[in-house]
Amino acid sequence: MSKQDLFDAIEAERERLRSLSTAIWETPEVAFQETESAERLQAALREEGFEVEAGIGDIDTAFVARYGDDDPVVGTMGEFDALPGLSQKATAEREPISEGEPGHGCGHNLFGVGSLGGAIALKRAIERGDVTGSVVFFGTPAEESGGGKIYMVRDGAFDDVDAVVSWHPGWYNAPGKGSCLAVDAFEFAFEGESSHAAGSPESGRSALDAVQLLNTGVEFMREHVPDAARIHYVIHEGGDAPNVVPPYANVEYLVRAPEREQVEQIAAWVQDIAEGAALMTQTDLDATKISGMYGVVPNYALGDAILDNMEQADFPLSDDQEAFAADLRETFDAETALAQLPEDTRAEAREEAVFTRPIEATDEGTTGPYSTDSGDVSWNVPLGRFTAATWPVGTPLHSWQAVAAGKDLGTAGMEFAAKTIAGTMYDLLEDEELLAQARAEFEDRTADREYEVALPEDADPYELINR
Ligand SMILES: [Zn+2]
């Protein structure tokens, strides 16, 4: 068995994987509603002999598909939710298929199927007896809104897996070695008394005043939190008419910081300010924690294994795909995005429509100003992450260009991702030393830091979408 056999298995499935990804692209479903997309992925896995269990973590579209009974157990994750309002044809100009409808602006059609391709190739190697172990595909819904993986973690879905290798669509090929911000989400609702704002203001107590005082208090607090913290809010309800003292108002907050303890300290301060605002305005406060996530624990051992496999995997970009990428690249300015790359690779990337040469991690030692539900996974199992070039150089996430690229062009990077996942998972089963290193690094990075799911007690994922 050589690595090439593993890659050949993926190439042999090229048309099947592409048509699966295209079918999901053509039926974009937003968070928690990804019924058809989940079923398509599950059907492909069942057909391949995986045992599928759905409804994980109280989410209908979350599933775990497993092949094998032996140790070690390696896994990969596949997302498949779309974004609202991003409907777009696979053209190099802005042209919705259906205005206002969802679209795959984060490439999750490619994400799910790329990981599935990797899982299937590894399963066949296990079946042939080339390597001993088991492979698990985690079908992880509601990434864009809702943090589906956290509920799967809470349900114990990742408890008996030894390492996980995952990826995300992007515009270059590199392992991820960075972390990101932990986050808590809250809603602060105030209740006051309505009255005629001109005729009898003395009888009214304004809930909107409380929201404004809370926000003002937080703006003054902002100076005194760690630099890397991020705090943002939107007012959902602030009253109906200016001549009525608003009896009800609410504001939603996100509090982010590198460490979970920092998030909790800042969030407690915001809570104090909210209570102060209620006192000042003689209104009643109802504070609700909505959600909470951890930052990512990086794993350099897995990152290095990923890069090693990227360097062995072929990137099957056709001339037509490259030409389309060049057209699409004309529609946005890639310069700002190029600054994400190390200086010595920028010139090279600038010349390409799709940047196919794998590079070293661009985020080693950094904490990115974003949050992901992969963070909670990474606190429970060594997690290797990477980005694969499914889009033209510099393509912004959540853009119409990302949707346009995701139908056909992106399937080249998707296949490359499938090979990288299969190869890295294969190495983890075959090379005891690599798995031991990944686990030792995980133990080291999480030593003396307890993981306890940061969701509010009894949190119901579906309440999130109905609120
Ligand atoms: Zn995404």
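Author: Let us begin with a pairing of side chains in this predicted model. Arginine 66 forms a salt bridge with aspartate 160, and their closest N and O atoms are 3.2 Å apart.

Reader: Why is the pair of arginine 66 and aspartate 160 called a salt bridge?

Author: The term requires a side-chain nitrogen of Lys or Arg within 4 Å of a carboxyl oxygen of Asp or Glu. The closest N and O atoms of arginine 66 and aspartate 160 are 3.2 Å apart, so the pair meets the definition. In general, side chains of opposite charge can pair when their charged atoms come close.

Reader: What parts of the chain does this pair tie together?

Author: Arginine 66 lies in strand 2 (residues 63-67), while aspartate 160 is in the loop between helix 5 (148-154) and strand 5, so the pair ties together parts that are 94 residues apart in sequence.

Reader: Why are arginine 66 and aspartate 160 called partly exposed?

Author: Buried means under 20% relative accessible area and exposed means over 50%, with partly exposed in between. Arginine 66 has 24% and aspartate 160 has 48%, so both values fall in the partly exposed range.

Reader: What makes arginine 449 and glutamate 259 a salt bridge?

Author: Their closest N and O atoms are 3.0 Å apart, and the cut-off is 4 Å, so the term applies. Arginine 449 is in the loop between helix 15 (432-446) and helix 16 (461-466), and glutamate 259 is in the loop between strand 10 (248-257) and helix 7 (260-281), so parts 190 residues apart in sequence are tied together. Arginine 449 is partly exposed at 32% relative accessibility, as is glutamate 259 at 30%.

Reader: Is glutamate 13 buried or exposed, and why?

Author: Glutamate 13 has 15% relative accessibility; the cut-off for buried is under 20%, so glutamate 13 counts as buried. Its side chain meets that of arginine 16 in a salt bridge of 2.7 Å, N to O. Arginine 16 is at 28% and therefore counts as partly exposed.

Reader: Which residues are joined with glutamate 13 and arginine 16 into one network?

Author: Salt bridges that share partners join Glu13 and Arg16 with Glu48, Lys123, Arg124 and Glu127. A search of the whole structure finds 29 salt bridges.

Reader: How do you know which residues coordinate the zinc ion?

Author: A donor here is an N, O or S atom within 2.8 Å of the metal. Cys106 (SG), His108 (NE2) and His168 (NE2) lie at 2.1 to 2.2 Å from the zinc ion, so these atoms count as donors. Water is not among the atoms, so sites may look incomplete. The spacing of the donor residues in sequence is C-x1-H-x59-H. The two histidines link distant parts of the chain: histidine 108 is in helix 4 (residues 108-128) and histidine 168 in strand 5 (residues 163-170), 60 residues apart.

Reader: How is the chain divided into domains?

Author: The domain assignment gives domain 1 (3-178 + 295-446) and domain 2 (182-294). Their C-alpha centres lie 37 Å apart.

Reader: What is found between domain 1 and domain 2?

Author: The two domains bury about 800 Å² between them, 57% of it on carbon and sulfur atoms. Gly295, Ser371 and Asp376 supply 47% of the area that domain 1 buries against domain 2, more than any other three residues. In contact are 13 residues of domain 1 and eight residues of domain 2. Across this interface the rule finds zero salt bridges, but two residue pairs in polar contact.

Reader: What makes the backbone at alanine 142 worth noting?

Author: Phi of alanine 142 is near 50°, a positive value in a residue other than glycine. Alanine 142 lies in the loop between strand 4 (134-139) and helix 5. With a relative accessible area of 0%, under the 20% cut-off, alanine 142 is therefore buried.

Conventions. Residues are numbered from 1 along each chain as its sequence is written. This is a predicted model: local features need pLDDT of at least 70, side-chain atom pairs count only at pLDDT 80 or more; totals for chains, interfaces and linings use all residues. Side-chain values use heavy atoms; hydrogens and water are left out. Donors are N, O and S atoms within 2.8 Å of the metal (3.2 Å for Na, K and Ca); water is not among the atoms, so sites may look incomplete. Helices (H or I, at least four residues) and strands (E, at least two) are DSSP runs, numbered from the N terminus. Domain bounds come from an automatic or database domain assignment. Contact means heavy atoms within 4.5 Å. Buried area is the accessible area (1.4 Å probe) that two parts lose on being put together, summed over both. A polar contact is a pair of N or O atoms within 3.5 Å; within protein, one must be able to donate a hydrogen and the other to accept it, and residues adjacent in sequence count only if both atoms are side-chain atoms. Buried means under 20% relative accessible area, exposed over 50%, partly exposed in between (1.4 Å probe, protein chains only).
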